[in-house]
Each structure stands twice: as structure tokens, then as C-alpha cells.
Amino acid sequence: MTTAPAARQLAISAVRPALTDLVSAVRRAIDARASWAHTAQLVADQLRAHLPGPDILTPDQRRGDPDRPVGHVLHAETDGTFSILGLIWRPGQSTRIHDHITWCVVGVLQGVEHEDLYDSQLNSIGARDNPPGEVSGFAPPGDIHRIRNTSLRTAISLHIYGTDITRVGSSARRYYD
Ligand SMILES: [Fe+2]
């Protein structure tokens, strides 16, 4: 399947205690008012320091969706500066090839996410398998990728985007396939 993960559950739960420290740390990182690329690295540092376990999502959320990857909004900052989502990929599920409207930080909580990287001509420029604990940050331009769960276990990751995803609907700027 090739649909991109959508923020299907846009109702935002109250800030989960397990995310309180992370939310505060992300606010401080954003307050540095650095470039998008630098902000992504600053936020990635904080996600490494405050990475929750997969139980940040409920058992029902962790089951995922048989038809597509699914995202659950865990926090949306009221001033629109960032939001935090949990994404669930069942085995074989994939995003389309896409880039992003803002900086993004991803931390893997369970399973392995295979990431394919592309240049602006859609030539493959790399691939990597991101295991639990792996955190990466990136920002446009030069951020074209696809994420697939190539393992036999459901993969779960935490995504932090530099916008309120409940307002814009998707982090993808453009699809290339
Ligand atoms: Fe992405």
C-alpha cells in the first residue's frame, strides 16, 4: 500500500504526563529561533533525551490499521509552532515518496522503519534501517524520502513537526510517485 500516513485522529487528548518534559524541552529548543535545519537538530537532541516507550500510545492505537499507516495526534501546541504524533505501520505498509512543509524529527519506538532517501531528480541517494531509539531530524529542502515497514512486526514512531498538523492536515508538501 502506498498511502501517506494521515492524522486521522485529530481530536487531541490532554497532554499526557509522559510527554510533559518532552513538550517543555521542544518549546525551549524552538525558542532559540534557529534555522529550520538547526531547529530540527535541537529538537532531535531533546527527543533523544525524552524518548517515550511505545506505551505512550494506547493498546488500541498501537494496533494500527490494516489498510494504511495511521497517525495519532498526541500534542498540538496552541500557538501552532509544533505538534507531536504517534505513527503506526503494520508490516509492509509504506508512505509515498514525499517531502515536507516544515522541519521534522522522528524517533522510532518499536520495530524497524526502513527509510529510502532521494535527490530532487528522484535518484536514490541512500537507505537506512532505523531501529528503536534511533532519532533523526531534517528540514526542507533536500528532504525527499519514503518510509516503509519492511519487518514482520508493527513499527511505531514518534514524529514532531514544526507546525500544528491538526490545522494543515498533513506534513507532506508534495508527492513524487
Ligand atoms: Fe516524511
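Predicted model: local features only at pLDDT ≥ 70, side-chain atom pairs only at ≥ 80, totals over all residues.
Which residues of α1 are buried?

1. The buried residues of α1 are Leu22, Val23, Ala25, Val26, Ala29 and Ile30. Viewed down the axis of α1, these buried residues fall within an arc of 165°, so they line one face of the helix.

2. As for its dimensions, helix α1 covers residues 20-31, which makes 12 residues, and it reaches 17 Å from its first C-alpha to its last, a value close to the 16 Å expected at 1.5 Å a residue. After the helix comes Arg33, whose phi is positive, near 50°.

3. What lies over the buried residues of α1 includes another helix, α2 (36-49), together with the strands β2 (70-76), β3 (83-89) and β10 (155-161). Several of these elements return in the next points.

4. The largest nonpolar core has 25 residues, and those with the most contacts inside it are Leu22, Phe82, Trp103, Val105, Leu158 and Ile160. Two or more residues of this core come from each of α1, α2, β2, β3, β5 (104-110) and β10, and it is α1 that gives the most, with 5 residues. Apart from this core lies another, of 12 residues, among them Val73, Ala76, Cys104 and Ala155.

5. Leu158 deserves a separate look. Once its neighbours within four places in sequence are left aside, the residues in contact with Leu158 include Leu22, Leu47, Pro52, Ile56, Leu74 and Ile84, and also Leu85, Gly86, Val105, Val106, Gly107 and Leu109.

6. Is strand β3 enclosed or open to the outside? In β3, 7 of the 7 residues are buried, so this strand is largely enclosed by the rest of the structure.

7. The pairing of β3 can be followed on two strands. β2 and β3 run antiparallel and are joined by 6 bridges, and one of the pairs to look for is His75 with its bridge partner Ile84 in β3. These two strands form a hairpin with 6 residues between them, and Gly80 in the turn has a positive phi of about 80°. β3 is also joined to β10, again in an antiparallel arrangement, by 7 bridges, and here the bridge partner of Ser83 is Tyr161 in β10.

8. Thr154 sits in the loop between β9 and β10, and because its relative accessible area is 18%, under the 20% limit, Thr154 counts as buried. Not counting residues up to four places away in sequence, Thr154 touches Arg62, Ile88, Trp89, Arg90, Pro91, Gln110, Gly111 and Asn149.

9. Gly142, for its part, is placed in the loop between β8 (135-138) and β9 (144-148). Its relative accessibility is 78%, which is over the 50% limit, so Gly142 counts as exposed. Gly142 and Gly71 are 71 residues apart in sequence, and from C-alpha to C-alpha they are 24 Å apart in space.

How values were computed
Residues numbered from 1 in each chain as written. Heavy atoms only, no water. Helix = DSSP H or I, 4+ residues; strand = E, 2+ residues; numbered from the N terminus. Expected span 1.5 Å × (residues − 1). Buried < 20%, exposed > 50% of the residue type's maximum accessible area, 1.4 Å probe, protein only. Arc of directions from axis to C-beta. Contact = heavy atoms within 4.5 Å. Core = buried A, V, L, I, M, F, W, Y, C linked by side-chain atoms within 4.5 Å. Pairing = 2+ DSSP bridges.
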